[in-house]
Amino acid sequence: MSASSAATAQVGDKPEDLTSADFKALSDLVYKVAGLCLSDKKKALISSRLSKRLRKTHLQSLGEYIRFIQEPEGRDELSEAISSLTTNVTSFFRENHHFEFLKRDVFSQWSSGRGPLKIWSAGCSRGAEPYSIAMTAAEFFKTKMPPVKILATDIDGTVLSQAKAGIYDEEEAKSIPPALKRAFMTRSNGPDDDTWQVAPAIRQLVKFNYLNLMDRWPMQGCFDVIFCRNVVIYFDEPTKQKLWGRFHDKIAPGGHMMIGHSERISGPYKDNFIVSGVTTYQKSDGLPVTPAAEEKAQ
Ligand SMILES: C[S@@+](CC[C@H](N)C(=O)[O-])C[C@H]1O[C@@H](n2cnc3c(N)ncnc32)[C@H](O)[C@@H]1O
């Protein structure tokens, strides 16, 4: 390229450049498919993440790549693109008050006459959240076969595979309380290997499935507790409001919903929930409420 042409180079000249039109097409697509709102400010990061996919597909430019993922034959690649655009930050016992709430207000209310408690971790990322629920239950009920059934779902196939394997590095495993780590994690044996794996009995308590929250939810019945934490922050207000209604309908009478520290239930379904703890809501609808919810509601 000559000095003069370099000086007049336009966005779109390099394969990894995203023109405004490409960015708009991409934003519209991922919003429609996954509910994700892409910020213009993150254009460089988005371009860098998609460029890795571009190299794998052998297409010539990001513009071509974005046109490809809009076509029916680009459907699998669209899933890969969405995976590369999601934020998967997670950790064990993140926002620990929710696990304390489970013990104090949910597990303590369970009686052997009823079936297992059904818990859904929606947007489970690499599995730290559902495994924290499983370990909390095993600790509370003092058995590796506690009366809980945990469903964990995510839109990102890559994180789901990692979650199923249940292998974490030393740094990630640090946030597991030592007693639970001793009881429910096993250290890998290799000389250079400093990873930890969730014990098989705990892994068996969690069923991982692919689920895009924007799609139809195929699960039958309701959940006693739904965790959907640090997921809706990537959605706009109309999408969040629709989701609150859908979650409400999937919570059993008197059941609970846990959300992330920066999230709030808003919109028309707000009144169908009672605040029962920190970023913890209980389905109200005139049905029985736990002592914690009654206190808060007064
Ligand atoms: C920041 S992580 C939160 C993980 C965990 N809930 C926590 O709080 O530690 C957000 C997760 O939501 C998932 N996600 C984003 N959009 C989604 C959608 N439309 N359907 C299902 N999962 C989605 C992402 O793939 C990601 O793993």
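The legends below describe close-up views of the ligand and its pocket in a predicted model.

**View 1. The largest pocket.** About 390 Å³ of space lies in this pocket. A pocket is an open set of points on a 1 Å grid over the protein atoms alone, where a 1.4 Å probe fits, with protein on both sides within 12 Å along at least five of seven lines. Its volume is the space filled by probe spheres set on the points, which are joined across faces, edges and corners. The pocket is lined by 25 residues, and Thr87, Gly123, Asp154, Asn230 and Val231 are the closest to its centre; lining residues have an atom within 4 Å of a point.

**View 2. The ligand in place.** The ligand sits in the largest pocket, meaning that more than half of its atoms lie within 2 Å of the pocket's grid points.

**View 3. Polar contacts.** These are pairs of N or O atoms within 3.5 Å. A backbone N or O atom of Ile155 lies 3.4 Å from a ligand nitrogen atom.

**Notes.** Residues are numbered from 1 along each chain as its sequence is written, and side-chain values use heavy atoms, without hydrogens and water. Local features need pLDDT of at least 70 and side-chain atom pairs count only at pLDDT 80 or more, while totals for chains, interfaces and linings use all residues.

How values were computed
Polar contact = N/O pair within 3.5 Å; in protein donor to acceptor, adjacent residues only side chain to side chain.
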